[in-house]
Amino acid sequence: MAIRERLSGNEAVATAMKQINPDTVAAYPITPSTEIPQYFSNFVANGSVDTEFIPVESEHSAMSATIGAAAAGGRVMSATSSQGLALMFEMLYIASGMRLPMTLICANRALSAPINIHNDHSDSMGVRDCGFIQLYCESNQEAYDNTIMAVKIAEKAKLPVMVCYDGFITSHSIENIMLLENDEVKNFVGKYEPENYLLDSKKNISMGPLALQKYYFGIRKELSDAMDNSINIIKEVSDEFYKLTGRKYDLYEKYKLDDAEIGIIALNSTAGTIKDTIDKLRENGVKIGLLKPRCFRPLPYLDIPKELKNLKALAIMDKADSINGYCGPLFSEITSAMFSSNIHVNTINYIYGLGGADTKSSDIEKIANKLQDIAKTGKIDNIKHFLINEKEEI
Amino acid sequence: MYNLKEVVNKPNRLTSGHRMCAGCGAPVTINGVLRALKEEDNAVISVATGCLEVSTCTFPYTSWKNCSFIHTAFECASATLSGVETTYNKLKKDGKISDDKVTKFIGFGGDGGTLDIGLQSLSGAMERGHDITYICYDNGAYMNTGTQRSSSTPHFADTTTTPSGKVSNGKAQQRKDLTEIMVKHNLPYVAQSALIGNLKDLYEKSEKAIYTKGPTYMSVLSPCPRGWGYPSEDLQTISKLAVDTCFWPLYEVCDGKYKITYRPAKKLPVEEFLKLQKRFKHMFKAGNEWMIEEIQKEVDKKWEYLQMMEKITNEEN
Amino acid sequence: MKKEYSLGGTILKDGNSENFKTGDWKNKYPYHDKEKCKNCMMCVPFCPESCIRHEDSKLLGMDLDFCKGCGVCSKVCPFHAIEMKSDINK
């Protein structure tokens with residue numbers, strides 16, 4: 001029986017963590033993910049989980065302790081945001097390189113400087129090549145669901161998984177949500193039985209060796225192959241979750257895209273604003289649709305371009321700037337996937353919402369107008385645009 | 001009672017085939033520490049990046065035997081170990097690990113991985129009170145990358161980033177005293193040891209460190225023939241001179257009570273320790289006598305401090 | 001051969017570096033004089049290579065497959081029973 005609740009994103013994720021009941025959680029407070037270790041410490045203090053919680057002295061140590069705990073043979077989780085994820089950078093690569101399953105919650109937040117506590121995707125985009133599977137969530141429900149699925153995906157793929165959702169917008173907003181029963185979650189994630197782990201009394205092992213020219217590449221290729229293959233694991237686990245809950249999760253979500261002439265791609269909560277705007281525009285006869293990637297790592301590089309091939313114009317929205325003299329990360333990866341699939345659509349890039357700058361329905365309408373122009377003329381005047389309110393400009 | 005002939009019968013936990021330099025003090029320290037483990041007990045060893053790690057676990061080989069080993073990165077051997085230890089407690093609680101099997105958790109790092117880049121991680125793990133033992137094999141510089149100065153490098157030492165030259169006297173600062181910093185973490189056991197005699201001092205302190213419940217710390221002077229510039233066969237000689245000059249005093253602090261564990265019959269002048277090593281060669285040039293005098297003052301001050309602490313902390317109230 | 005490593009480079013056989021010989025590093029080798037040796041075992045824990053073999057309180061000698069010729073054993077021996085020699089073929 002599903003349970004109807006009203007929870008904030010962080011509460012929903014903490015609830016998922018309670019139901020998962022991992023062996024070890026190590027975390028350090030950072031806005032806007034702080035509530036997770038707070039809620040979770042309460043669960044520990046009241047005996048509603050069996051987990052050991054390690055209140056570490058930094059995010060670097062949070063990830064190091066999580067790695068140690070996973071290597072020891074535990075089911076492990078952590079949570080962070082922004083500078084915390086940046087401080088973990090070194091250890092994220094080690095977690096995946098050592099092929100340790102774990103779930104890391106990332107309540108997305110901007111990176112300094114200037115310091116800013118609000119949402120954009122600079123943090124998780126900055127670590128996009130660290131070997132973590134990355135799942136992006138539009139709503140509290142998706143954050144809750146993906147957290148539960150992440151545990152199973154990680155353990156099957158032998159890869160760490162990062163669950164990303166928008167700081168404050170999702171983490172602190174209260175929404176209606178459907179929760180699973182504790183037993184349903186327990187059965188879904190099952191028991192964790194690692195193959196090789198430090199505390200196995202039957203054999204002593206050595207983890208994290210030096211591997212030089214002759215071996216390093218081979219070990220890294222195995223990691224790369226695991227990421228490639230994880231796409232099927234994500235599909236399997238999502239199917240299983242659908243059977244349990246009736247909530248369907250694909251690698252990406254399409255909204256009125258199939259007959260669309262112009263399209264938008266965006267991650268996380270902005271998708272909600274876009275869907276709303278699409279409904280309005282469709283009433284006025286504008287054939288517009290949305291593609292919202294759920295899974296950015298691995299990138300569904302064969303499937304996504306196929307969905308876009310009939311568009312006349314496309315805008316890819318990045319809530320992170322690569323500061324590379326070109327464009328944002330989502331734009332560069334998806335257009336390159338289109339190129340390699342021999343699919344050409346006139347595509348522009350919008351950098352938007354940095355540091356929590358508001359993105360309104362009128363902004364999406366502006367993008368739609370631009371796309372209609374491009375669709376009509378077949379010409380692009382400028383590839384990269386900043387969706388910034390002129391009045392707020394310095 | 002310590003009996004060398006008996007303890008050498010214990011199986012080594014760091015075995016042959018590693019790639020540390022000839023005459024390196026570190027493997028002697030490591031086996032000296034791990035020999036204090038009860039034969040029936042297992043251990044998980046967490047090692048910071050450095051000579052020890054890259055030379056003892058070079059894929060597809062490992063020299064770690066009768067124990068499990070983990071390396072993650074340079075600055076986080078302690079945090080990593082704290083994750084392992086915590087999970088051990090959890091799995092034990094769950095009955096996934098049988099009660100009659102004891103596993104101990106031991107971290108090793110060089111002075112760079114301990115006093116410098118690893119200090120925060122070490123301090124955090126010690127403050128949280130994990131049941132772990134951390135051992136710094138201190139050779140006074142970043143030897144793995146070619147003898148760059150660390151905060152443990154002795155005053156005036158010539159290193160590749162503090163070379164002595166026309167206007168430089170080698171390292172301008174004194175050593176950071178991490179052993180004292182660890183004492184201030186209110187740990188149940190903190191000690192300093194060296195590779196002297198028949199390694200009784202190291203064995204006994206390691207036994208206390210490993211089998212005292214809670215976080216314990218030990219610093220062991222582990223000479224590096226290459227970085228220090230002395231003949232590789234002189235491992236024991238140079239260690240003995242370090243303690244006989246009180247450059248490296250041997251002491252322990254149990255629950256805040258100091259105990260000097262070795263008092264040289266005759267405290268030798270510090271130059272007896274310095275003169276064997278190339279890194280201090282410039283101190284013996286005419287006109288540089290003041291350097292030796294200064295380092296002697298520093299050594300004397302620390303020795304007096306330890307004697308005072310021993311007296312104060314053992315006084316009956 | 002049984003696979004001795006796993007995902008992420010995890011090595012599944014402890015102490016397998018015993019298959020990696022380091023004996024060819026040396027340019028001096030230790031000559032163990034059994035007559036002078038009193039089997040005090042002082043050299044054993046001081047050997048950085050853990051390659052001094054002993055059994056039933058008797059020192060058997062240095063395993064030259066691993067000995068790197070550092071000379072620490074010869075220096076710690078209280079009875080001068082170990083001499084470092086350069087003539088490696090002797």
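A salt bridge is a side-chain nitrogen of Lys or Arg within 4 Å of a carboxyl oxygen of Asp or Glu. Keep that in mind for the first view of this predicted model.

**View 1. A salt bridge joins A:Glu142 and A:Lys292.** Here the two side chains meet with 2.7 Å from N to O. Step back to the whole boundary between domain 1 and domain 2 of chain A, and the count comes to 5 salt bridges. Polar contacts turn up here too: 20 residue pairs, both partners at pLDDT 80 or more, link the two domains of chain A.

**View 2. Chain A is assigned two domains.** Domain 1 runs over 3-245, and domain 2 takes in 252-392. Their C-alpha centres sit 28 Å apart. Where they touch, 32 residues of domain 1 of chain A are in contact with 28 residues of domain 2 of chain A.

**View 3. Three residues stand out in what domain 1 of chain A buries against domain 2 of chain A.** Together the two domains of chain A bury about 2,200 Å², with 51% of that on carbon and sulfur atoms. On the domain 1 side, A:Arg128, A:Tyr136 and A:Glu138 supply 29% of the buried area, more than any other three residues.

**View 4. Helices and strands build the side of domain 1 of chain A that touches domain 2 of chain A.** Look for α5 (122-126), β6 (133-137), α6 (140-157), β7 (160-166) and α8 (213-245) of chain A, each of which supplies at least two residues to that side. The most comes from α8(A), with 6 residues. Sorted by class, this side of domain 1 of chain A has 14 nonpolar, 11 polar and 7 charged residues.

Definitions and conventions:
Residues numbered from 1 in each chain as written. Chains lettered and ligands numbered in written order. Predicted model: local features only at pLDDT ≥ 70, side-chain atom pairs only at ≥ 80, totals over all residues. Heavy atoms only, no water. Domains from an automatic or database assignment. Contact = heavy atoms within 4.5 Å. Buried area = accessible area lost by both parts, 1.4 Å probe. Polar contact = N/O pair within 3.5 Å; in protein donor to acceptor, adjacent residues only side chain to side chain. Helix = DSSP H or I, 4+ residues; strand = E, 2+ residues; numbered from the N terminus. Nonpolar A, V, L, I, M, F, W, Y, C, P; charged D, E, K, R; others polar.
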